[in-house]
Amino acid sequence: MQRTLHAAIPLIDPETDMTRLRLSPLPVLVATALTASAAPALAADVTLTLDGVQARGGRLLVALQTRDQFLKQEGAYGEIIADPAAGTRTVVFRDVAPGDYSVSVLHDADGDGRMKMNGVMPAEGWTMLNAESLRAAPQFDQVDFTAPAAGAVSLRASMIYPSH
């Protein structure tokens, strides 16, 4: 079932000149938790550097997911990078509440909001933390990180693309 996108707000990152869209709710693997309340008093900034992004059109759907949201169509924090250029891309999630999260990234080249599969293997670009070491479906404890009550977290992940 495809979900409808709401509340599209284009954002320009002044450091990278990338256009991002913050949407609520987002399709497959990306959903933002936009609330009317102020940011929590205890929060961290999480910076995710994505290496090896390929210029395949579409969009990068980037999400931080809690254990309960893991591998579902939900996310605590999310960003979309429209028509990403090849190379390294950086996403900053501001005011992330303390806790354990996974990172899920889909290069949704065809823009349908779903990860295409070729048998049991992804047919579109993707990554998670420690993705290169996965040999089967990931478990949350293999790909999680902890956001502290204050400060910053820097994470790095390499995109994985199927061969053409």
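Predicted model: local features only at pLDDT ≥ 70, side-chain atom pairs only at ≥ 80, totals over all residues.
**Entry 1: strands S3 and S6**
I started with strand S3 (residues 43-53), which pairs with S6 in the antiparallel sense over seven bridges. Two strands count as paired if DSSP finds at least two bridges between them. Strands (E, at least two residues) and helices (H or I, at least four) are DSSP runs, numbered from the N terminus. Val 46 stands opposite Phe 93 in S6.

I then looked up the rest of the sheet: the sheet is open, has three strands in the order S6-S3-S12, and its pairing is mixed. Strand S6 (87-96) and strand S12 (150-158) each have a single partner strand, so one side of each is left without a neighbour in the sheet.

Residues are numbered from 1 along each chain as its sequence is written, and side-chain values use heavy atoms, with hydrogens and water left out.

The pLDDT (the predictor's confidence in each residue, from 0 to 100) averages 80 over the protein chain, and 74% of the residues score at least 70. I marked residues 1-37 with care, as the pLDDT there is below 50.

**Entry 2: aromatic pairs**
I found three aromatic pairs in the structure. Rings of Phe, Tyr and Trp (its six-membered ring) pair if their centres lie within 6.5 Å; planes under 30 degrees apart count as stacked, over 60 as edge-to-face and the rest as tilted. One of the pairs is Phe 70 with Phe 140, edge-to-face, at 5.5 Å centre to centre and 80° between the planes. Phe 70 sits in the loop between strand S4 (59-65) and strand S5 (77-82), and Phe 140 in helix H1 (residues 140-143), 70 residues apart.

Are these two buried or exposed? Phe 70 is buried at 11% relative accessible area, and Phe 140 is buried at 5%. Buried means under 20%, exposed over 50%, partly exposed in between (1.4 Å probe, protein chains only).

**Entry 3: salt bridges**
I listed six salt bridges, each a side-chain nitrogen of Lys or Arg within 4 Å of a carboxyl oxygen of Asp or Glu. Arg 156 is exposed at 54%, whereas Asp 51 is buried at 17%.

Terms used. Contact = heavy atoms within 4.5 Å.
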